[in-house]
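The sequence and coordinates are shown first.

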Number of protein chains: 2
Amino acid sequence: MDNTAPVILREVGLRDGLQILPRVMPTAQKLQWLRAAHAAGLREVEVGSFVPPRLMPQLADTAEMVAAARDLPGMVASVLVPNLKGALRAIECGAASMLLPLSASHAHSLANLKRTPDEALAELARIRDARDAAGSACRIEIGLSTAFGCTIQGAVPEDEVLRLVQGALDAGAEAVGLADTVGYADPLQVTRLFTAARAIAGERLHCGHFHDTRGLGLANVFAAWQTGIRRFDACVGGIGGCPHAPGASGNVALEDCAYLFASMGVPTGVDFDALIALRGQLAGWLDGEALHGTIARAGLPKTLKAAS
Amino acid sequence: MDNTAPVILREVGLRDGLQILPRVMPTAQKLQWLRAAHAAGLREVEVGSFVPPRLMPQLADTAEMVAAARDLPGMVASVLVPNLKGALRAIECGAASMLLPLSASHAHSLANLKRTPDEALAELARIRDARDAAGSACRIEIGLSTAFGCTIQGAVPEDEVLRLVQGALDAGAEAVGLADTVGYADPLQVTRLFTAARAIAGERLHCGHFHDTRGLGLANVFAAWQTGIRRFDACVGGIGGCPHAPGASGNVALEDCAYLFASMGVPTGVDFDALIALRGQLAGWLDGEALHGTIARAGLPKTLKAAS
């Protein structure tokens with residue numbers, strides 16, 4: 001395993017972070033966020049979701065966000081698409097990547113996506129066909145949520161997670177990520193499941209998505225990185241939360257995740273000063289929302305400052 | 001490596017946590033803390049330090065704390081001793097274990113202990129001789145501080161850390177721990193240094209001591225555990241802090257550390273409800289001090305509750 005290979009951090013705050021907040025962030029602020037993320041060295045951003053605006057008014061400007069991301073050199077914009085209809089919009093507006101959620105927990109799948117996991121796989125195949133028919137290069141990703149447990153169902157069998165990884169690849173996914181949607185994962189489970197999924201998907205297993213609800217976010221990132229994962233989702237300020245755990249922190253804080261890798265000598269391309277400045281802006285925009293993460297407060301250690 | 005072997009968590013808040021706080025906690029509250037820790041299943045506690053009371057009035061009641069700990073079935077009380085004089089007091093009052101600090105950073109050693117690391121090793125040899133002459137069974141531990149970097153000196157050469165591990169064993173230490181005193185350690189460095197130190201000390205390398213100043217505390221605990229370490233220092237509520245990083249969190253929160261192990265199926269003997277109740281009491285006693293940690297707020301996951 002190459003411990004010096006770059007790691008890609010994808011900022012998912014504009015989607016996963018904002019979607020559970022009651023407020024609607026003005027598009028102008030989102031665009032500032034997007035451009036500041038680019039200026040801070042980030043090259044992958046999840047900019048929104050093509051869900052009906054009446055269900056999620058926070059993300060109604062997703063097409064505009066994709067267009068803005070396309071103007072930023074080297075930026076890869078991904079969008080969440082819940083179904084074929086959303087996928088057609090992603091293709092139409094030229095998103096680089098579309099992310100289809102697939103719940104490993106049957107209970108969560110029915111509650112959140114109104115379909116079983118196998119019905120979601122059938123939709124994935126239709127999306128793949130539509131994408132190919134349109135001659136689009138939009139990458140199809142599967143985000144396998146509740147892969148480490150579910151607040152509704154409880155435990156999720158690892159065999160079922162692996163069956164769905166194989167199923168997603170068979171149905172046309174070019175990339176699969178495992179997501180700890182509710183902060184249930186532990187580092188040994190992460191090691192086990194990512195290793196097994198990698199044996200099935202190889203390099204197509206491309207992303208780890210962890211929440212820091214119970215303090216294990218970065219330990220889980222480290223465990224997944226040890227198995228060879230080189231791409232992680234994160235949010236500046238650790239926003240996101242979980243509707244089932246009020247007050248708990250959300251996605252791993254991107255700046256802390258970047259620090260984890262910087263501390264190990266792993267390049268992420270991130271400019272810490274610019275990232276911390278963006279975090280400060282975000283605190284203003286989200287006045288009243290709790291931000292998480294420690295590095296903004298504690299600062300880089302002397303050893304790292306000397307090295308950079 | 002046996003992934004099911006029990007892990008021992010040592011509560012060090014009564015010493016490492018309290019010593020940097022300006023307030024003096026009344027002995028009656030400390031005794032409640034000690035007894036509640038025992039009731040919550042903890043069997044190792046660092047109860048104080050034999051330093052001159054004029055320098056550290058917070059810890060002036062250390063002999064009383066040792067006596068109280070001796071009354072608790074199965075409780076192992078350790079005390080910090082800065083020198084031979086302190087060691088003689090530890091022996092006299094029947095502490096089970098005494099911990100001598102040794103700074104791997106020469107600059108930190110001179111600033112904090114007023115001696116070079118090699119002068120500290122010479123003092124260790126005198127302490128060993130005095131302990132043996134007294135026919136005492138008090139275990140001599142070395143806590144190798146700033147082993148992962150230093151806020152004064154910056155980087156600390158790994159060769160120097162390993163030289164001091166060997167030196168400590170040669171001078172009579174029966175146990176050696178590596179401490180990230182200032183929150184500089186990263187998980188790869190932890191893996192490297194604990195593996196190398198274990199090659200020298202074997203089972204006498206017995207403890208990891210991590211601060212969570214920059215969010216990597218539990219990732220570092222996990223990395224050290226992967227190398228075979230089965231004993232960790234921690235503080236309920238993550239108190240401790242660092243005088244050089246105001247507002248930053250201190251020692252890893254014991255309850256979060258216990259959750260990390262519980263999530264992996266590793267027994268620690270800890271009763272979460274009792275531990276969270278103790279944390280609540282501590283919050284009252286330290287009214288105004290920031291407590292850290294996430295599990296008290298987020299609660300155990302459904303999967304773990306079902307298992308316990």
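## Extent of the interface

The model is predicted. Chain B contributes 38 residues to the contact and chain A contributes 39 residues. The area buried between chain B and chain A is about 3000 Å², and carbon and sulfur atoms give 63% of that area. Within chain B, the residues that lose the most area to chain A are B:Leu188, B:Arg214 and B:Lys302; together they account for 20% of what that side buries.

## Polar interactions and composition

Between chain B and chain A there are 0 salt bridges. Polar contact, by comparison, is found for 13 residue pairs between chain B and chain A, with both residues at pLDDT 80 or more.

Several helices of chain B each supply at least two residues of the side that touches chain A: α8 (187–201), α9 (217–226), α10 (254–263), α12 (295–298) and α13 (302–307). The largest share of this side, 6 residues, comes from α9(B). Sorted by class, the side of chain B that touches chain A has 20 nonpolar, 14 polar and 4 charged residues.

## Cysteines

Over all chains, the structure holds 0 disulfides. A:Cys207 is accordingly in no disulfide, and the nearest cysteine sulfur, that of A:Cys257, is 10 Å away. A:Cys207 has a relative accessible area of 3% and is therefore buried, since the class covers values under 20%.

In chain B, which cysteine sulfur is closest to that of B:Cys93? The closest one is in B:Cys138, at 8.1 Å. This separation is too far for a bond, because a disulfide requires the two sulfur atoms to be within 2.5 Å. B:Cys93 has a relative accessibility of 17% and so counts as buried.

## A:Thr195 in helix α8

A:Thr195 lies in helix α8 of chain A, which covers residues 187–201.

When neighbours within four places in sequence are left aside, A:Thr195 is in contact with A:Val190 and A:Thr227. A:Ala104 is 91 residues from A:Thr195 in sequence, and the two are 17 Å apart in space, C-alpha to C-alpha.

How values were computed: Residues are numbered from 1 along each chain as its sequence is written. Chains are lettered from A and ligands numbered from 1 in the order in which they are written. This is a predicted model: local features need pLDDT of at least 70, side-chain atom pairs count only at pLDDT 80 or more; totals for chains, interfaces and linings use all residues. Side-chain values use heavy atoms; hydrogens and water are left out. Contact means heavy atoms within 4.5 Å. Buried area is the accessible area (1.4 Å probe) that two parts lose on being put together, summed over both. A salt bridge is a side-chain nitrogen of Lys or Arg within 4 Å of a carboxyl oxygen of Asp or Glu. A polar contact is a pair of N or O atoms within 3.5 Å; within protein, one must be able to donate a hydrogen and the other to accept it, and residues adjacent in sequence count only if both atoms are side-chain atoms. Helices (H or I, at least four residues) and strands (E, at least two) are DSSP runs, numbered from the N terminus. Ala, Val, Leu, Ile, Met, Phe, Trp, Tyr, Cys and Pro count as nonpolar, Asp, Glu, Lys and Arg as charged, and the others, Gly among them, as polar. Buried means under 20% relative accessible area, exposed over 50%, partly exposed in between (1.4 Å probe, protein chains only).
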